Each structure stands twice: as C-alpha cells, then as structure tokens.
Amino acid sequence: MPEKWSVEAVAAVPSGRGRGERGGTRAGLPMSRQRAERRRVWRRWPSRLRAAGLAVLTLAGCFAGAGTTQALAADPSGHGTPKPLVWGSCPQDTAGAAPVTRDPRLQCARLAVPLDHRRPNGPHIAIEVSRIRSGAAHPLALMVGQGGPGFGGLDLPSAEETALPPEVAARTDIYGMDYRGIGASSPLDCDIAPADRSEATGVPYPAADGSIDANTAWAARIAADCAAHAGDELRYVNTVNIARDINSLRVALGLPTLSYTGTSYGTFVGAVYASLYPTTSGRVLLNSVVPPGGVKEAIEHKGQAVETAFPPFADWVAARDATYHLGATRTAVRSAVLATAEHLNSHPIPLTDGAPLTGNLLLEAQEALLEQRTYYPLLAGLLKDARTGSLPSGSGSDLPWSQLLTDNFVSAQDAVVCNDSAWPRDPAHYRTAVTRNAARYPLTAGSPRNVWPCAFWTTRTSDRAPTPNPHGPANILLLQNTADPSTAPSGAVATRKAFGHRAALVTVDAVGHGVDMTQPCVAEQVTRFLLHPGPPRPATCPGIRRQTP
C-alpha cells in the first residue's frame with residue numbers, strides 16, 4: 001500500500017452513512033450515518049438459539065435440500081395456506097450506476113410475509129431471499145444479515161462464504177435477504193431531495209462554528225418527506241418485523257431452526273431474532289456488536305469508539321513522521337489533527353468542485369478512514385495535505401463525502417432507526433448534547449449526539465425493539481475487536497451481560513470494524529460454535545494491531 005493518498009484511492013473507500021468493510025471479510029456496517037458503499041461486503045448497524053447440538057443442525061440441513069420447498073409463507077406462525085417457495089434467478093441490482101455481476105451460484109425466491117405480523121391474514125408484502133448451497137450432505141442452514149441499516153443483502157451469501165472459516169463454509173448453506181423496505185423487498189422511498197441525500201449531510205457533523213441549525217432543518221425535512229410520501233408501510237419497517245421475516249423464512253424452508261450471523265447493525269437484528277425466537281433461532285453469531293439499545297445507542301457511543309481506534313493510527317503515523325510530518329508521538333499526532341481541524345473551521349480550504357473543506361468535514365473523513373488499517377496511508381496523506389493546505393486540484397468531487405445516497409437507502413435507514421427507538425423531540429436537547437460531547441470526544445466534534453430525523457418523526461411505529469431476552473438456550477457468540485471505530489467494545493460487553501448465560505464474548509486485540517473470522521484463534525472459536533454442540537465459550541484472541549498495512 002503506498003504511503004501517499006490519491007483522489008482515486010480515497011474515492012474508492014466506502015464512506016458516509018453506510019461505510020465500513022473489513023478488508024477481506026464480510027459486510028456489516030457501522031452506524032453513525034453509515035457511509036455509502038458499493039459493497040463487497042463488509043460492517044456495521046445492525047444481526048443479530050437453541051443449544052442445538054450438531055444433531056439438531058444436521059436435521060435442519062436435511063430440510064434445506066429441495067429446490068422447491070413447501071412454505072407457510074402467508075403465516076409464519078404456521079396457520080396459513082402452504083405455498084411453494086420457488087428458487088430461480090435473482091433480480092438485477094439497480095442501486096448503483098452500473099449493474100452488479102452476481103455469483104452464478106446464487107439463487108433467489110420471493111417470500112410473502114404479512115405487512116403486520118399481528119394480522120397474518122391482512123395485507124402481505126414480498127421479501128426477496130437468496131441462497132448459496134454448499135453441496136454438503138447435512139448442511140448447517142445459516143442466515144446472514146446485512147449491516148446498515150439500509151443495504152440490500154441478496155449478495156451476502158457469496159461474501160459470507162469467504163468470510164467464514166473454510167471448514168464452516170464447506171458445510172453451510174448460506175441464506176441472504178433484502179430486508180423489508182430495502183432493495184427488491186417492497187422498497188421504501190420518501191422522495192427525499194438529492195441535496196438532503198449527500199454524504200456530507202448524511203453524517204450529522206455540526207457546522208464549522210458548532211451550530212446545528214442546518215442539521216436540524218435537514219432532519220425536519222427528511223422526517224416530513226417520509227411522513228408525506230412513504231405510505232402505510234413506513235411504520236412497519238423496523239427491526240422487530242425484520243426478525244419476524246427471518247423466522248418466516250425458517251418456516252418457509254421447513255426448518256426446525258435457522259442459525260444466524262451478522263455484523264454491525266446485523267448484530268442487532270440477530271439479538272432481536274434470538275430474543276423473539278430463542279428455541280428456533282439456532283446458533284447466533286454476532287460480529288462487531290451494537291449495544292442493547294440498538295442503532296441509537298451505538299451512534300451515541302461513536303465518540304468513544306473513535307477515541308479507542310485513533311491511538312493505533314496515531315502510533316502508526318508517529319513511526320512515519322519523516323513522511324507525514326504530523327508528529328513523532330501519539331500525543332503530537334492527536335494535537336496536530338485537532339489543531340488542523342480547528343484552523344480549517346475558521347479558514348476552510350476552497351475546493352473548486354465541492355464544498356469547502358472545513359475542520360469538521362475533515363474529522364468526518366477521518367471517521368470513515370479509521371475503519372480499516374489498510375486505509376491508514378490514505379488518512380495520513382489527507383491529514384498531511386489538509387494541514388499544509390495543499391489538497392490536489394479537482395479533489396472535491398471525488399472525496400468520500402461528495403457522493404449521493406439513494407432515496408431508498410436513506411428512507412429505509414431512517415425508518416428503521418426512528419421506528420426502533422424513541423428520540424428526544426426538543427432541538428435544544430441536541431444543542432446541549434453536541435456541545436458536551438464535543439468537549440469530551442473532540443475527534444468527532446459532537447456528531448454522535450447530533451439531531452437525526454427521528455427527532456421530528458411523526459409516524460407511530462408498530463414495534464419498538466425489545467431488550468435482550470436472557471431466558472433460553474446458551475447459543476449466542478459475540479465477536480469484538482478492541483479498537484473498533486464504529487461499534488465500541490462496551491456495546492459487546494453490555495450485550496453479553498444482558499443475555500446472561502445465553503452468550504459468550506470473544507475479544508480480539510485488533511483494529512477495525514469487523515472481526516476477521518479466518519484469523520486462526522477466531523476461526524477455532526467460530527468453527528467450534530457453529531459446527532459442534534455445547535455452549536459458546538469466552539476467549540481472548542491476539543490480533544494484528546502492530547502489523548504494517
């Protein structure tokens with residue numbers, strides 16, 4: 001990896017509301033406003049059990065073999081009319097500028113689920129699901145949930161296959177899903193103006209002078225757009241109903257249990273799934289864990305998360321002071337970053353093809369580029385050039401904050417986040433909270449406590465997300481890096497505690513969002529948990545904190 005940033009290199013980094021990506025592992029996105037990403041996939045808002053020994057998992061696999069499966073698709077409780085779940089080709093991915101070439105092994109099917117699961121005979125919506133079959137005689141059936149929220153999940157089976165330990169991948173049929181309201185599953189659109197869907201506005205950093213007036217106006221506009229244009233489906237797009245849809249897939253497949261894995265927001269889906277369906281949710285593997293309070297709580301902890309992820313980066317830069325000139329110690333690098341941000345907030349760098357580069361916009365870019373160690377040279381080069389005021393000509397339109405998010409992504413993400421949790425309604429609350437948070441965690445400038453559209457949300461949700469259910473089998477394993485800039489380690493600790501005897505935590509001494517499950521120590525824990533009977537086991541694994549990108 002070159003130690004000089006370029007516009008092309010930074011532009012290729014997942015950014016904004018939906019970013020993240022564990023280089024070389026699987027998708028699951030960070031929270032914060034989650035930077036837009038054309039995905040490979042990778043983190044980060046959001047998956048989320050029976051002490052099912054291998055015998056139970058083997059039984060589940062036997063039911064997954066037929067190409068056409070009889071399904072009670074109309075009623076996940078089992079009281080509907082059986083309908084066939086027919087597997088065939090997958091719909092085209094239209095979210096990006098160019099069509100995505102899908103894994104030729106991927107198969108898709110449409111599952112009918114109730115719009116309101118409390119009314120199984122009421123209106124139904126179509127959920128697009130996908131799978132890749134392993135060919136194993138008795139495969140484990142594993143649902144992989146995406147991060148975000150807001151991203152589609154049909155391509156996740158292909159990515160998850162390379163993210164899992166090889167022994168697990170060889171014995172697992174992997175299922176994916178576009179969650180309700182997203183992608184090919186009855187997509188939600190609020191008709192949000194393009195200016196309100198840009199990267200720079202999507203992550204609510206305060207203005208250069210610390211004001212949140214523009215953030216407040218933006219949040220109110222999006223909430224009003226969703227109330228006016230999203231329709232009756234809006235109140236039902238939440239994590240509880242997503243978990244119910246996953247159980248509907250289990251019933252449609254004829255499985256006694258359907259195991260689950262997810263990263264970032266996907267961990268919260270998994271936590272809710274395991275709480276609602278403790279005896280049928282199989283093995284639940286949660287990677288980079290959202291706290292029990294969901295996306296709202298994870299966002300609020302983002303300042304803490306960035307503070308834990310910054311020191312390893314600062315050490316890396318300090319060791320290369322001859323190249324970057326940001327300081328020869330961790331403390332000096334931190335001081336240089338904060339001093340540069342303060343200077344740019346009063347003297348922004350004009351960009352001919354984008355918004356001026358303010359200090360807060362620089363910190364927003366830093367938040368994105370701390371996601372993976374492989375981004376360190378890009379971040380260090382950007383900070384060096386910002387400090388000297390010498391950003392490359394024409395760079396404004398190519399930097400991470402300049403992209404547009406799709407209407408569906410923003411609409412679905414806000415629906416889930418706002419429907420899952422109650423948010424304070426008074427704008428004055430956010431002004432005070434931002435000021436206090438910026439003083440405590442200056443690297444994120446108060447952004448984690450800033451206003452979201454949820455403060456102006458008028459739609460009454462069908463379901464708030466429940467707290468973790470500690471009553472059930474011991475079948476939840478959590479994976480967490482010690483220096484994760486998106487999901488703070490405290491979230492994993494709190495989730496494990498909330499699930500009690502049901503869960504165990506594997507802590508990895510590593511940097512980045514998303515635990516590498518092919519790392520030998522982690523692979524051993526994951527393989528034992530997914531393929532063998534018995535409760536999950538806590539462990540501490542070494543990482544790659546000091547490895548050079």
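Select Arg449 and Glu300 to begin: arginine 449 forms a salt bridge with glutamate 300, with 3.9 Å between the closest N and O atoms, where a salt bridge is a side-chain nitrogen of Lys or Arg within 4 Å of a carboxyl oxygen of Asp or Glu. Because arginine 449 sits in the loop between helix H16 (427-440) and strand E9 (476-483) while glutamate 300 belongs to helix H9, the pair ties together parts that are 149 residues apart in sequence; helices (H or I, at least four residues) and strands (E, at least two) are DSSP runs numbered from the N terminus.

This is a predicted model, in which local features need pLDDT of at least 70 and side-chain atom pairs count only at pLDDT 80 or more, whereas totals for chains, interfaces and linings use all residues. Residues are numbered from 1 along each chain as its sequence is written, and side-chain values use heavy atoms, leaving out hydrogens and water.

Lysine 296 counts as buried at 15% relative accessibility, buried being under 20% relative accessible area, exposed over 50% and partly exposed in between (1.4 Å probe, protein chains only).

Next, select Asp103, Arg105 and Glu161, which are linked in a network of salt bridges. Within it, aspartate 103 and arginine 105 meet at 2.7 Å, N to O; aspartate 103 is buried, at 17% relative accessible area, and arginine 105 is partly exposed, at 40%.
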